[in-house]
Number of protein chains: 2
Amino acid sequence: MGSKQRRAREKEGLREEILDAARTLFVKEGYESVSIRKIADKIEYAPGTIYLYFRDKAEILDRICEETFARLIRKMDAIKNDTAAPLDKLRRGLRTYIHFGLENPNHYVLTFIQAKVHHESKSVFETTGLQAFGCLRHAVQGAIDAGELVSNDADELAQTLWAGIHGLTSVLITCTGFPFVEQNRLIDRMVHTLVEGVRAKGNKS
Amino acid sequence: MGSKQRRAREKEGLREEILDAARTLFVKEGYESVSIRKIADKIEYAPGTIYLYFRDKAEILDRICEETFARLIRKMDAIKNDTAAPLDKLRRGLRTYIHFGLENPNHYVLTFIQAKVHHESKSVFETTGLQAFGCLRHAVQGAIDAGELVSNDADELAQTLWAGIHGLTSVLITCTGFPFVEQNRLIDRMVHTLVEGVRAKGNKS
DNA sequence: GCCATATACTGAACAGTGTTCAGCATAGTG
DNA sequence: CACTATGCTGAACACTGTTCAGTATATGGC
């Protein structure tokens, strides 16, 4: 005994190696273009070995999506302990989300666009995904409590805001041929539009 | 001569048959799950025949995306000849877009989500896609001319609005596991938020 | 030390994919 | 009737995700 634990640790090690290789390849070449054999080649194991650690190719993608969600959650969570005004925290949250997507375009596409289209990967979205959404919801609730918003329904408002920033983030990443106006101007406009759109009427600033 | 034209018409006929079969299958089973052989089986030709009419599988998708854009453009264009107030026309345009997506979810995913991720299908978006965007831009310009909006930049505002409604449409279609609030409430909230967000301050109604 | 067992891994095989192309009928022309 | 051009075939190629009988290695008991 003791050796059993070492074996388990080594097994976990190879699992991580597979994830590392897959992450690198997925981000560089896209989920579709990366075959199990390519991953196996990179870690210098036989293709079959991968199936001793993951049920199928989609499960590898699932794990990587979880990682991405976790990173996003860390960034969004940092805003909670911020002493700024509720609406400013909300604005910061929206910006943080958009920039996270633009700084990790391939991860973003993988997690928020490709994953859903590909398999019915509900699990990731119903756990880690909801948690990420919770961060935004928290900021919205703060603004509601301060009496700054038009509605008391935090879910309705947070979902609206999320749909808006997700839309902008995904088109900026995927519609590369589209003649967008300058990117920062568009981001500013979107954040401004969304926040003004959900703000209670007759408030200054 | 004359027969040459008949031949050409018959050739065009088979091209349409391929498109019909592909459209049906793509919408029912998704682009990925439909193989060239499945399409060939449906029209009872050999797989190789399809390559006499289309360069590759992606070109078939391209043509179907074009159709979808054209249908959307027809719907959006109908609003132009509307005598309603500029802001109401704008609201109608946003709603029309969202409903078009929700009524043709598989077409929408195919055209606006999957197509871009899959191949670098710039052509469709830079021609027909831009034209569809032009409808929205037209409504925005109308509202600008009426002095109803916060900015004079029709492109900036139209792109913001489009990103917003595209975001909502695509998450409503793809995030089936997500606990959304009632759909119509969310659509109302999004349209309201976007329009209020781009409206000039201090205007009544 | 030696054998039995359990574990980790292999790589050939299967059914499928998009795509190509030599060859074959058939219809139209001189 | 011969010849050519057209439309179509289906076998073949190189790939895909996935499975599984077999092998090599390391562990535990005697």
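A helix axis here is a line fitted to C-alpha atoms over the stretch in contact, and angles run from 0 to 180 degrees between N-to-C directions. Helices themselves are DSSP runs (H or I, at least four residues), as strands are (E, at least two), and they are numbered from the N terminus. You are looking at a predicted model, in which local features need pLDDT of at least 70, side-chain atom pairs count only at pLDDT 80 or more, and totals for chains, interfaces and linings use all residues. Residues are numbered from 1 along each chain as its sequence is written, while chains are lettered from A and ligands numbered from 1 in the order in which they are written.

Let's begin with chain A. Its secondary structure comes to nine helices and zero strands, so that reading from the N terminus gives α-α-α-α-α-α-α-α-α. Chain A has 205 residues, of which 40% count as buried; a residue is buried if 20 or more other C-beta atoms lie within 10 Å of its own, exposed if 12 or fewer, and partly exposed in between, with C-beta atoms placed from the backbone. Two residues are in contact if their C-beta atoms, placed in that way, lie within 7 Å. Among contacts in chain A between residues at least 6 apart in sequence, 69% join residues at least 24 apart.

Now turn to where the two chains meet. The contact takes 35 residues from chain A and 35 residues from chain B. On the chain B side, α6 (105-118), α7 (122-145), α8 and α9 (183-198) each supply at least two residues, and the largest share, 11 residues, comes from α8(B). By class, this side of chain B has 15 nonpolar, 11 polar and nine charged residues. For these classes, Ala, Val, Leu, Ile, Met, Phe, Trp, Tyr, Cys and Pro count as nonpolar, Asp, Glu, Lys and Arg as charged, and the others, Gly among them, as polar.

Within this contact, look at the two α8 helices. The axes of α8 (residues 154-174) of chain A and α8 (residues 154-174) of chain B come within 7 Å and cross at roughly 105°. That makes α8(A) roughly perpendicular to α8(B); angles of 65 to 115 degrees get that label, whereas those under 35 count as roughly parallel, those over 145 as roughly antiparallel and the rest as oblique. Ala163(A), Gly164(A), His166(A), Gly167(A), Leu168(A) and Val171(A) meet Ala163(B), Gly164(B), His166(B), Gly167(B), Leu168(B) and Val171(B).

Next comes the interior. A nonpolar core is a set of buried Ala, Val, Leu, Ile, Met, Phe, Trp, Tyr and Cys residues joined through C-beta atoms within 7 Å. The largest one has 107 residues, and Leu161(A) and Leu161(B) have the most contacts inside it. Helix α7 (residues 122-145) of chain A gives the most to this core, with 10 residues. Beyond its neighbours within four places in sequence, Leu161(A) is in contact with Leu94(A), Leu136(A), Val140(A), Leu194(A) and Val198(A).

Ala139(A) sits in helix α7 of chain A. Ala139(A) counts as buried because it has 26 C-beta neighbours inside 10 Å. Lys89(A) is 50 residues from Ala139(A) in sequence, yet their C-alpha atoms are 6.6 Å apart. Apart from residues up to four places away in sequence, Ala139(A) touches Ile79(A), Lys89(A), Leu90(A) and Gly93(A).

A residue is near a strand if its C-beta atom, placed from the backbone, lies within 6 Å of it. Around DNA strand D there are 19 residues, with Ser35(A), Gly48(A), Asp56(A), Ala46(B) and Gly48(B) coming nearest. Two or more residues each come from α2 (36-43) and α3 (47-50) of chain A and from α1 (3-29) and α3 (47-50) of chain B. DNA strand C also has 19 residues around it, and Ala46(A), Gly48(A), Ser35(B), Gly48(B) and Asp56(B) come nearest. The surface near DNA strand C has eight nonpolar, five polar and six charged residues.

One backbone detail remains. Most residues other than glycine have a negative phi. Glu44(A), however, has a positive phi near 60°; Glu44(A) lies in the loop between α2 and α3 of chain A. With 9 C-beta neighbours inside 10 Å, Glu44(A) counts as exposed.
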